[in-house]
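Student: I have a model open and would like to learn how to read its features one by one. Could we go through some together?

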Amino acid sequence: MLHLPYAKSVLLAGMIFHGGIHAQTLTRPADYFQQEVAYRIDVTLDDVDHTLSAFLAMDYINNSPDTLAFLWFHIWPNAYRNNETACAREKFQQGSTKFYYAREEDRGYIDSLDFRTGGKILEWEYHPEWIDVAKVQLIQPLAPGDTVTIETPFFVKIPGEFSRLRHTGNHYEISQWYPKPAVYDREGWHAFPYLELGEFYSEFGTYDVRITLPQEYVIMATGDLPEGNPEYDFLDSLAAVTAEYYALEKPDGEPDKKARKKWLKEFEKRQFTEPGEGSTKTLHFHQERVHDFAWFADKRYMVQKGTLWVEDSTRAITVWALYLPKFADLWEESIEYIHDAAYWFSKWYGTYPYNHVSAASSDAMAGYAMEYPNITIVSISGSKELLETVIMHEVGHNWHYGIFGFNEREHTWLDEGITAYSEIRYWDAKYLEETGGTYSYVLPEAMNRIVKKPFTIRSILRTLSGIAVGTHDDLAIGADFTGESLTSYALVVQYKSPLVFDFLEHYLGKERNQQVWDALAETWSFAHPGPNDFRYLVETVAGEDLSWFFDDMIMTNKRLDYGVSSIKSKGDSLEVNVVNYGNLEAPVEVATLDRDGNVIDSRWLPRFAGTQTVLFSREGVQTATTDPGEFSPDVDFSNNRPPLLRLADLYLHRPVLRFMFSAPERGRSQLFYLPMIWYTGYSGALLGLIYYSDVLPPQKSMLTGNLFYSPKHGRLAGSTGLTFNRYRLGGIDQLTSRIRYADYPEYRYLRLGARAIFRKRAVTNSGLSTAVDMANQHLTTGAFDTLLWNTGSFTSAAVSTRYWDNAHALLDWDLSTRIRFVIGEADDDLSADRQATLLEGSTNVTYRYARQGRIYLRGWVGHTLADVDEIPAQYRFWLSGGLDVDLTNPLAFNRTGSGSLPVYHRYFIQDEGPSIRAITMDTPGTTAWAINFDLSSKLPLNLFADLAGTNNGNEEDWQTYIDAGVTLKLGPARVFVPLWMSWTEDGMDAAYEGWRILIYLPSLGP
């Protein structure tokens, strides 16, 4: 049957009957073609110099209607040659300097290329922009239907741990390693450089690859060895040895950890031949209908083996798991994960067509995983649940990358998006009935038992995607992500797009949705479907126009936001008014609910703008809602139900108290809490909890606070605050206003503030913010060091601005200014009335001089328009740093001047005031300045130096101080130990007298 045109009028004419069109009636477009390749590669691994010496012969079959005078080749090992490659620039733009500062011996390349046909030399040249793309001229133009055989030797220096092709010691991950022709399709040549973000697009074909390497290596690759090859016996023997480890159990069936630890220790003591010595082996791998070939080798691998039987098949598929001993416990159930992933994807997207499906552990770089035909490489730390999710996702790419050869570089959503959506299908199919769909890897199992509403896969995806969507910071799902940040890629492609496909499944229904994927498997297996091909197939099978999905949900970042504005009784009926608050028109599900929130009746409304009224029976109805199952990518669930106007709705809208880390529950107010014990130098131990209504964007309003009891003072203490956010308001990216009240034994305050951020997007590396803050505070006498603070009541107002630029991978800088007005009345001083106007400016510059080395330079200057004696003591420009006058730093827990780590004397507050980091008791002046210098490296011990001065209120009486010393990094703490201070007196020990500490921790306290 001829391929039908894409025109909607023709398309819809054949879709009147119920279930769409059966898969077998679909064909590929008449103008579709794909080239074919057949590789013969012989390669030898040198595990001394970490190189590959190889020879390639390739048959290239021209199935296109065009005559080709040349072929583009990807020679992607050259991506690691120098800092000018596209991949090197990509990493640099993303802020990584690991490759930029790499040693020459850790870089990689491909050379010794000598392209020939029939013994005749072929001229070739690098791409004008990229040295990892080559243009090979043919001696004779290749006519449609003809075949050309191209041969070349090649030599690869395997790079270190930078991207996918790499080695760590004698652990080898060999991918994107051979000359490979770019795809030539209906759109022409797709020759592009290697990038870490964007992945691949390659021609299908046949691979015959012979790999020669030292005998002791355990290897797994794309393709099969000949039946009966002794290498299978070797793998089986390792699987038997690995089984011994897991057989070490206690009588109750629990793992015998002590015995297993001893076993692993002995296993890792095995002696291997030194690199470059001993015998070698040559393994011949063969695979058809794939578009890539990868292999992984390590002498230390443990091995597990299993068998997969898919439905409607009598063919056994071998399941392999290879992993390093350090991952033995984490990978214990890995065979199950690989097996189940292949089983469910076979059920949904067509039977797995190859003889083995495998996964191997990487050696390092946690969080890294990548798919290749038959095999995936995974490096994941943490929980088994997380490992299962990643293995399942990467095995799934055997379909949405391998079998359906989407152009991942240009249409990422067709590969990553559909595979991420399949995670939802997998979790529902395997765990929904057992666990309610709990996405247990988000929290430890013990924590999941505490929370009443644990995260499901949908709720975690919705929460993560909401960060970008709700702040108007998301790109279109169908956008080109080349050059974008990893954050944008993850938030949109991996978190937002699966929700969109999940919504499409909910709208189509499971049966019609599965018909779509059956048709895809029937029509487009081992081919290169494009976005239009996929859309045509989906709309044909669905039997309707889905432009709202493909044109709006996929290709734009329009916002879906339907809700119920009101409900009215009309006799025995209920009139429900549904409003489109967003700018995306899509079908919307509307439902009535009973008193417990259960759905009574639901129906779909066709897409619309504005308002529509729907009539329901009112019997038993408590309220109405849009999207009752929370399947849609709605950006604001708070308006799904009508406003709380009736007392009868109180039960459904009642606030709920949830333990921290519980999943958000849409449609009602929530307050999350976490028990906490705190301590301050004056209040003593504080027993209580912290609470919040939400912590992640895009909350429009957020309630946060804490409530404590102080046994020492016999009273309650705490704080509470409200924050309001608006995004993309005029030219402002984010406008935040806040109010906060606190009452502790040490102090009380009321603080108001607003901040506007101007930037292109939240992931943009530069921006400008301006803020206004006002505060009234009362400081308790006896709670503060009288040398540094005046206690009493003070009112302040400040206007500040900050510009920052982090766009350069080697250089970050910012510039800040602030003007502050303060008046007050001190209760511990004869001159009670205090007032001042203070001007401050600072700049911070960070330069990365090495991969793990930083030079940090800070400049600060301040001036007051009042005499120093009129300024409240805490607002003065103390050379040893500021005092947290706004009381926002919970880690400044001792302001009394004595006891443990008192502020100023032993505890240093970051980036406050002039910041001399060795103690000086200098009297503050009306003008002060400072320059701070830090030199850091990968070592825990680093250098610092400070230069600062003040005029002591007298323009002619300038005093300058200099210190220098070392900084010791101890986890979240930094200990500053001066080795020299310019003001040291005779007999004074600079290190002992001047040491101070700074702690970096999240602000979970009061």
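Student: Happy to start with a side chain. Which side chain makes a polar contact with the side chain of Gln 734?

Tutor: Keep in mind that this is a predicted model. The partner is Asn 725, whose side chain makes a polar contact with that of Gln 734 at 3.3 Å. Gln 734 itself sits in strand β35, which covers residues 732–743.

Student: Is Gln 734 buried or exposed?

Tutor: The cut-off for buried is under 20% relative accessible area. Gln 734 has 15%, so it is buried. Beyond its neighbours within four places in sequence, Gln 734 is in contact with Asn 725, Arg 726 and Tyr 727, and also with Arg 755, Ala 756, Ile 757 and Arg 759.

Student: Now a residue in a loop. Where does His 127 lie?

Tutor: His 127 is in the loop that runs between β7 (124–126) and β8 (133–142). With a relative accessibility of 14%, His 127 counts as buried. Its side chain reaches a backbone atom, the nitrogen of Glu 129, at 3.0 Å. Setting aside neighbours within four places in sequence, the contacts of His 127 are Trp 72, Val 133 and Ala 134.

Student: Next, strands. How do I read the pairing of strands?

Tutor: The general idea is that strands of a sheet pair through backbone hydrogen bonds, in either a parallel or an antiparallel sense. Take β3, residues 68–74: β3 and β8 run antiparallel and are joined by 6 bridges. In that pairing Leu 68 stands opposite Leu 142 of β8.

Student: Which other strand is joined to β3 by 2 bridges?

Tutor: That is β12, residues 180–181, and here too the two strands run antiparallel. His 74 of this pairing stands opposite Lys 180 in β12. As for burial, 5 of the 7 residues of β3 are buried, so the strand is largely enclosed by the rest of the structure.

Student: In what order do the strands of the open sheet that includes β10 stand?

Tutor: The order is β10-β11-β18-β16, 4 strands with antiparallel pairing. The edges are β10 (166–168) and β16 (218–221); each has a single partner strand, so one side of each is left without a neighbour in the sheet. From one strand to the next the twist averages 10°. Looking at one pair, β10 and β11 (residues 171–174) are joined by 3 bridges, and His 167 stands opposite Tyr 172 in β11.

Student: How many residues of α6 are buried?

Tutor: The count is 10 of the 13, so α6 is largely enclosed by the rest of the structure.

Student: Let us finish with salt bridges. How many are there?

Tutor: The count comes to 47 salt bridges. In one of them, Asp 363 and Arg 300 meet through their side chains at 3.7 Å, N to O. Asp 363 is in the loop between β21 (356–361) and β22 (368–372), and Arg 300 in the loop between β18 (295–298) and β19 (302–309), so the pair ties together parts that are 63 residues apart in sequence. Asp 363 counts as buried at 12% relative accessibility, whereas Arg 300 counts as partly exposed at 34%.

Student: With which residue does Glu 332 form a salt bridge?

Tutor: With Lys 384, the closest N and O atoms being 3.3 Å apart. This pair links distant parts of the chain, 52 residues apart: Glu 332 is in the loop between β20 (316–323) and α5 (334–349), and Lys 384 is in helix α6. Lys 384 is partly exposed, with a relative accessible area of 28%.

Student: Which residues are linked with Glu 332 and Lys 384 in a network of salt bridges?

Tutor: Arg 260 and Glu 333 are linked with them in that network.

Definitions and conventions. Residues numbered from 1 in each chain as written. Predicted model: local features only at pLDDT ≥ 70, side-chain atom pairs only at ≥ 80, totals over all residues. Heavy atoms only, no water. Buried < 20%, exposed > 50% of the residue type's maximum accessible area, 1.4 Å probe, protein only. Polar contact = N/O pair within 3.5 Å; in protein donor to acceptor, adjacent residues only side chain to side chain. Contact = heavy atoms within 4.5 Å. Pairing = 2+ DSSP bridges. Axes fitted to C-alpha atoms, helices over the stretch in contact; angles between N-to-C directions. Salt bridge = Lys/Arg side-chain N within 4 Å of Asp/Glu carboxyl O.
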